[in-house]
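Visitor: Could you show me how to read a binding-site annotation against a model? I'd like the general idea first, then the case here.

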Amino acid sequence: MLNILPRHVLTRTLTLRRCLASKAYTEPNVNDSAIFSTPSNLSPAQRSALEGALRVDQAGEIAANWIYRGQHFVLGRQPITGALIQEMWEQEKKHLSVMDKLQLQHRVRPTVLTEFAKVAGFGLGAVTALMGKEAAMACTEAVETVIGEHYNDQLKELDGMPSDHPSIPLLKEVVKEFRDDELEHLDIAVLNDSQKAPAHALLSSVVGLGCQVAIELCKRI
């Protein structure tokens, strides 16, 4: 049986759906400078931090899409689990679409590890799904734990950047929105037996460490 979300998560979800920062990119206003230009007054260190953050975010959303693709390839025909994975995957598709637009807006070079992220993501998703629904959910739990922490760290960096250009406050709101989406996925995974996966602690550690290494690599290359 598919577990529903607790009341506090449902409340947060409904609030987010009413006012999404990402709508600036999914339903763009052609006269909105916040989505078509990038700040010119950032220091070299701030520009480097911005580029590194967006490079990682885009790569992370690519990997997330392929993880869910791999999970859906294996479990997609299961009526409950397949639908659950599809729902989270659709959200990640939107995240990637927005990150692609942010990458172009701020003139950020994509990571050279893009193709690796696709292959590794699909492999991770498929292998954990082959281990069973619980292992697939444990994979989601581990990935989203790291990504949630990463987005929190990113928000601290963005707080130190000039906010006079409208793109920076908007970017912060998009990051907050996506962080909350990822934490919602984490909640869903836990509610759907992620912690009952065989060797849960080991699986979580391995997947989490892999995510942390990938984040650091994508920042640089």
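Visitor: Where is Glu 182 found?

Guide: In this predicted model, Glu 182 lies in helix H7, which runs over residues 167–191.

Visitor: Is Glu 182 buried or exposed?

Guide: The cut-off for buried is under 20% relative accessible area. Glu 182 has 2% relative accessibility, so it counts as buried.

Visitor: Which residues is Glu 182 in contact with, leaving aside its neighbours within four places in sequence?

Guide: They are Glu 61, Glu 92, His 95, Glu 144, Ile 147 and Tyr 151. With His 95 there is a polar contact, side chain to side chain, at 3.2 Å.

Visitor: Which residues does the UniProt annotation "binding site" cover?

Guide: The unreviewed UniProt entry lists Glu 61, Glu 92, His 95 and Glu 182. They span 122 residues in sequence, yet no two of their C-alpha atoms are more than 10.6 Å apart, so they gather at one spot. From this set, Glu 92 is part of the lining of the largest cavity.

Visitor: And what is the place of Glu 61?

Guide: Glu 61 sits in helix H3, residues 44–75, and is buried, with a relative accessible area of 2%. Beyond its neighbours within four places in sequence, its contacts include Glu 92, His 95, Tyr 151 and Glu 182.

Visitor: How many residues of H6 are buried?

Guide: Helix H6, residues 133–159, is mostly covered, with 19 of its 27 residues buried. From first C-alpha to last, H6 reaches 39 Å, close to the 39 Å expected at 1.5 Å a residue.

Technical notes
Residues numbered from 1 in each chain as written. Predicted model: local features only at pLDDT ≥ 70, side-chain atom pairs only at ≥ 80, totals over all residues. Heavy atoms only, no water. Helix = DSSP H or I, 4+ residues; strand = E, 2+ residues; numbered from the N terminus. Expected span 1.5 Å × (residues − 1). Buried < 20%, exposed > 50% of the residue type's maximum accessible area, 1.4 Å probe, protein only. UniProt positions renumbered as here; feature names shortened; annotations may be inferred. 1 Å grid on protein atoms, 1.4 Å probe; cavity = no way out; pocket = protein on both sides within 12 Å on 5 of 7 lines; lining within 4 Å. Contact = heavy atoms within 4.5 Å. Polar contact = N/O pair within 3.5 Å; in protein donor to acceptor, adjacent residues only side chain to side chain.
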